[in-house]
Amino acid sequence: MTVAAMSAERSEPLVDLDACIRHLDATGQLLRVRSDVDPVHELAGIARHYEGGPKAILFERVRGSDWPVLTGLLWNRALAASVFGIAKEEVPFRIAAAIGPWRADPQSLAPALREHAPANEVVERDVDLGRLPVPVHALLDGGPYLDASVVVVRNPATGAPNTSIHRMMVTGRDRMSFLIDPGRHLGEFVEIAERRGEVLPVTINNGVGLAPWIVSSLPRLGDYKPYVANHLVGRPIDFMRAQTVDVPAYADAQFVIEAEILPGVREPEAPFAEVTGYYGQADRRWVMRVKAITRRARPTFHTVLSGKEVWNAVGFTAEAAIYAALKARIPEVRAVHLPPGGCGFYAAVVQAENTRSGLGPEIIRATFAAFRSLQRVTVVDTDVDLFDAVDVEWATTTRFDPAHDLVVLPDQEGHILNPVVKLNPDGKGGTITKIGIDAMAPHGGGYAFQRVRFADVDVTRHDIRG
Ligand SMILES: Cc1cc2nc3c(=O)[nH]c(=O)nc-3n(C[C@H](O)[C@H](O)[C@H](O)COP(=O)(O)O)c2cc1C
């Protein structure tokens, strides 16, 4: 099925979290926790027990709130692929395939701006974030965290919408402090607003469908990035008008928090269980004040558990973005994988057709250029299973000679949340030495590098007992 031909019915679970939950239920991929659960540590502790398994989890009764909580949607490829209705290996290719048509015309498939939509069935102007079932995840986390909500903001220069996910710590009835990593569009936009002494309005969309959710973490694509999701499902995904800010919100979100980022205000944020498997350290960071909350009549709150789910959340989109960037320059590239051992964020394995010498280092440099947080890139031949860490290690052991095949790039920009990255004195960035491992066989390596193969025998045609 082509993307364009995807029917409205087929795309529904990708756009609407309720439809997604119904799909998971109907296909035996949903675990329901029926007993009363404490959002402080207990909810995440239960989720941790099932992390990476075949089923997402719906916590039906969360103490102190009227609303259930969903987690685990992305903690393995099979779950995500089932919502897309494709094979699990195809997920990054499907996302990458939406980027090309979007890039050709970023404003195509523009969504409607609806006045009334599921996400504003109920409007709460007497705001209290404490009524939402926002969990405190890990034991040392600084407070309840929204960690799966899509922030929609307008580029102050162009008015175009951008989306990204940011961790947000609830610090009061109508207040949150949050993190902006270096290099994010939201950081640029906040700087512009702060120079003008103005607030920056945003909508924070919780419980959006998998397509707009996953697209929001595609790195640095530019104005109208949210519309990539429309190409992903083959139709516009509607926005709705917010009540108190001039920023669109997702019409099908479960909750929309309307807020303003306050210029020049910094308050304590973190610790928080991060993508690295360590706590992000506390500091004084950006602050927003909530003006209104709109929601469905019976909303479900969406959260992600730090660990495998976050590795996949960042990994799937990074794979898609890197693949799209590499393929445009180096046709030999076949696939990209960001393995869990690299937190789905810091290491990439690239598989390519071995057509000429010098290809490995070329791919290594292009891959680093395509995704800034990468610290290690390994390039393998097409006879290596890039999803299998043992196979990649085998290629590294038998095809990689550090004297010739190692690319070392000192003093590169690193991701500030990784504790191995050396922070700059101003705290605004950090550096790390990056390495590339060319584990492709020498071009024309011949018989010596030919992998052992056996006949592919259909064992069901044999009488085998015991
Ligand atoms: C679950 C999750 C949590 C994230 N948390 C943050 C965060 O707290 N701060 C941040 O700057 N980026 C965070 N990101 C990454 C950004 O959302 C992502 O890089 C996005 O593409 C940035 O958009 P931009 O390139 O338009 O700036 C997170 C991503 C995911 C998937």
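1. Strand 23 (residues 422–423) pairs with strand 24 in the antiparallel sense, over two bridges. Within this pairing, lysine 422 stands opposite threonine 431 of strand 24. The two strands form a hairpin with six residues between them, and glycine 427, in the turn, has a positive phi of about 75°. The model under discussion is predicted.

2. Strand 24 (residues 430–438) also pairs with strand 21 (residues 376–380), here in the parallel sense and over four bridges. Threonine 378 faces isoleucine 437 of strand 24 across this pairing. A further partner of strand 24 is strand 22 (residues 406–413), which runs antiparallel to strand 24 and is joined to strand 24 by six bridges. There, leucine 409 has lysine 434 as its bridge partner in strand 24.

3. On the chain as a whole: the secondary structure comes to 12 helices and 24 strands. The radius of gyration is 23 Å, close to the 23 Å that the globule rule gives for 466 residues, so the chain is as compact as a globular protein of that length. Along the principal axes, the C-alpha atoms fill a box of roughly 75 × 60 × 45 Å. Of the 466 residues, 47% count as buried. Among contacts with a separation of 6 or more, 70% are between residues 24 or more positions apart.

4. Four strands make up an open sheet with mixed pairing, in the order 1-2-3-18. Strand 1 (30–37) and strand 18 (301–302) are the edge strands, each pairing on one side only. Strand 1 runs parallel to strand 2 (residues 56–62), and six bridges join them. Arginine 32 stands opposite leucine 58 in strand 2. Helix 2 (residues 17–26) packs on this sheet and touches strand 1, strand 2, strand 3 (69–71) and strand 18. The direction of helix 2 makes about 105° with that of strand 1.

5. Is proline 135 buried or exposed? Proline 135 has 26 C-beta neighbours inside 10 Å; the cut-off for a buried residue is 20 or more, so proline 135 counts as buried. Proline 135 lies in the loop between strand 5 (122–124) and strand 6 (145–146). With neighbours within four places in sequence left aside, the contacts of proline 135 are Pro39, Leu43, Ala44, Val69, Pro144 and Thr303. The C-alpha atoms of proline 135 and alanine 110, which are 25 residues apart along the chain, are separated by 34 Å.

6. Another open sheet with mixed pairing has three strands, in the order 4-12-13. Strand 4 (113–114) and strand 13 (249–250) are at the edges with a single partner strand each, so one side of each is left without a neighbour in the sheet. Strand 4 and strand 12 (residues 239–240) run parallel and are joined by two bridges. The bridge partner of leucine 113 in strand 12 is phenylalanine 239.

7. Strand 7 (residues 150–154) is largely enclosed by the rest of the structure, because four of its five residues are buried. Strand 7 pairs with strand 8 in the antiparallel sense over five bridges, with valine 153 bridged to asparagine 162 of strand 8. The hairpin of strand 7 and strand 8 has six residues between the strands, and glycine 159 in this hairpin takes a positive phi near 85°. Strand 7 also pairs with strand 11 (residues 200–206), again in the antiparallel sense, over four bridges. Valine 152 has threonine 203 as its bridge partner in strand 11. In a regular strand, side chains alternate between the two faces of the sheet.

8. Which residues come nearest to the ligand? Of the 22 residues around the ligand, they are Ser164, Asp181, Arg184, His185 and Ala313. The elements giving two or more residues to this shell are strand 8 (161–165), helix 6 (185–195) and helix 9 (308–329). The shell divides into 11 nonpolar, five polar and six charged residues.

Note on methods
Residues are numbered from 1 along each chain as its sequence is written. This is a predicted model: local features need pLDDT of at least 70, side-chain atom pairs count only at pLDDT 80 or more; totals for chains, interfaces and linings use all residues. The radius of gyration is taken over C-alpha atoms; the globule rule is 2.2 Å times the number of residues to the power 0.38. A residue is buried if 20 or more other C-beta atoms lie within 10 Å of its own, exposed if 12 or fewer, and partly exposed in between; C-beta atoms are placed from the backbone. Two residues are in contact if their C-beta atoms, placed from the backbone, lie within 7 Å. Two strands pair if DSSP finds at least two bridges between them. Axes are lines fitted to C-alpha atoms, for helices over the stretch in contact, and angles run from 0 to 180 degrees between N-to-C directions. A residue is near a molecule or strand if its C-beta atom, placed from the backbone, lies within 6 Å of it. Ala, Val, Leu, Ile, Met, Phe, Trp, Tyr, Cys and Pro count as nonpolar, Asp, Glu, Lys and Arg as charged, and the others, Gly among them, as polar.
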